[in-house]
Structure formats: C-alpha cells, structure tokens
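Me: I'm new to reading protein models. Could you walk me through it, one feature at a time?

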Amino acid sequence: MLMLESIAKEQFPGYLKDTNFIKGSTASEKKSNTETAIFDVVTLIQGAVDSDKALSGLFIDLKKAFDTVDHGILLNEIKVLGASETVANWFADYLSNRKQAVMINSAFSEFKQIECGVPQGSVLGPLLFSIFINDVFDLPLSGNLFMFADDASLFYTTNTHIELLGQMQDDLNLLYDWFSRNKLTLKCGKTNFVIFSKPAVKVNLDTFLNYNHQT
C-alpha cells in the first residue's frame, strides 16, 4: 500500500494542476508551496502598509480538521474533479476498513473502525485534505484567503479600520456556515485577528469593542 500511496502522490498533484482544480492559495506539505504562500502574504502586508491602507489578518483554527474529514464528501469531490471510476474506487478502498487503537503504558484498547478523517502521517493526507477543503475558495469572501494545511488565514485591506471588522465578521459568518455544512468545527478560542499598521499609527480599540457589542 505504501508504494501505491507514493505513486498516487507523485501522479495526482499533476492531474490537479493540469485541470486547474485547486482554486486558491493552498500550502500543503511541500516546502516550496509553503514558502510561496508566505511570500504572497508578506508581499500583501508590505504593500498595504506602504500605501497607508488599513490592514488586518484573520487567523482561523479548525478542531481536528484532518480527523473529521467526511469520507462521503471527500469521495464526491474526487469524482467531481473528473477522476476515473477506477481511481475513485481506489481512493474509496484506501479510506475504508481502517481501524485504530490506543495504548497507554502496557494497556491496549480494542480496535475501532475509523468512520471519518484522512490517515494522519500518510503521504496522501495533506493532498486529500486540500481536495476536501477546495470548495471554500468559492465563497464570496472579502478577504484574501490562504490555506496552510488545516489553518486558514484571511487578509483585508480597506480605507478605514472600522471597515475591517465588518468584513471579518461577514467572512466569519460565511466560513462558519460552510464548515458546519462540511462537518468541520471552528475552534473559536484559537481564532484571532491582528491589525497591521506602521508604528506611528494608533488604532482606537474602543471603536472595535463598540462595533462588536453593537453587532
């Protein structure tokens, strides 16, 4: 199976690229992809700051995203991208009949069937998650969306700071709804935003607190 995983990992990304299936900025396990995404983010931030624009970043954390991928939704996405029936059946077989157990010291639990999730630590895990999350880029988001594995970052540029919060809140509503429909859970306690500005620029935090209270 490991050899087949390696072959799929080498061939399938090329097919996704040729068909332009991946719609947005997604950094998976490849170093070059991650570095490119980081460069794009830094360039966006620097450009906005140099232009004296109001700029913010919204950083979203998903709860056990790789472990909660719905197999039915994922396999449907694989069919949508135009994979042959043989390829779709191979992925279905790859995800099925997997079991896991827990060992604490010398105690070993019973094996339980895995009903969802992509295999952690596998060579195909990040690729399958990228396919699963791909449709999120179809949302009419105001921010520029970047995916770093299972972490999402959005960046906003406006003329005033008060506009930033409105756009972030609207995008959060859209993302929360999309995550819920696709059986992913937003980890609210670890979802945060940052306001970027030059050192001489002060942001009135009371304005943000008042806006948040009113909405």
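Reply: Happy to; we'll look at salt bridges, then a helix, then cysteines. Keep in mind that this is a predicted model.

Me: What is the general idea behind a salt bridge?

Reply: Side chains of opposite charge can pair when their charged atoms come close.

Me: How many salt bridges are there here?

Reply: The count is three. Let's start with Asp-61 and Lys-187, whose side chains meet with N and O 3.5 Å apart.

Me: Which residue does Lys-183 pair with?

Reply: Its partner is Asp-70, and the closest N and O atoms are 3.1 Å apart. This pair also links distant parts of the chain: Lys-183 belongs to the loop between H6 and S9, and Asp-70 to the loop between S2 and helix H3 (71-80), 113 residues apart. Lys-183 counts as exposed at 52% relative accessibility, whereas Asp-70 is buried at 18%.

Me: And where do Asp-177 and Arg-181 lie?

Reply: Both are in helix H6, four residues apart, which is about one turn of the helix. Here is the general idea: an α-helix has 3.6 residues a turn, so residues three or four places apart point the same way. The side chains of Asp-177 and Arg-181 meet in a salt bridge, with 2.3 Å from N to O. Asp-177 is partly exposed at 40% relative accessibility, and Arg-181 is partly exposed too, at 48%.

Me: Now a helix: how many residues of H5 are buried?

Reply: Helix H5 covers residues 125-133, and nine of its nine residues are buried. Among them are Gly-125, Pro-126, Leu-127 and Phe-129. Ile-131, Phe-132 and Ile-133 are buried as well.

Me: Last topic, cysteines. How many disulfides are there?

Reply: A disulfide needs two cysteine sulfur atoms within 2.5 Å. By that rule, the count here is zero.

Me: How accessible are Cys-116 and Cys-188?

Reply: Cys-116 is partly exposed, with 33% relative accessibility. Cys-188 has a relative accessible area of 59%, so it counts as exposed, the cut-off being over 50%.

Methods:
Residues numbered from 1 in each chain as written. Predicted model: local features only at pLDDT ≥ 70, side-chain atom pairs only at ≥ 80, totals over all residues. Heavy atoms only, no water. Buried < 20%, exposed > 50% of the residue type's maximum accessible area, 1.4 Å probe, protein only. Helix = DSSP H or I, 4+ residues; strand = E, 2+ residues; numbered from the N terminus. Salt bridge = Lys/Arg side-chain N within 4 Å of Asp/Glu carboxyl O.
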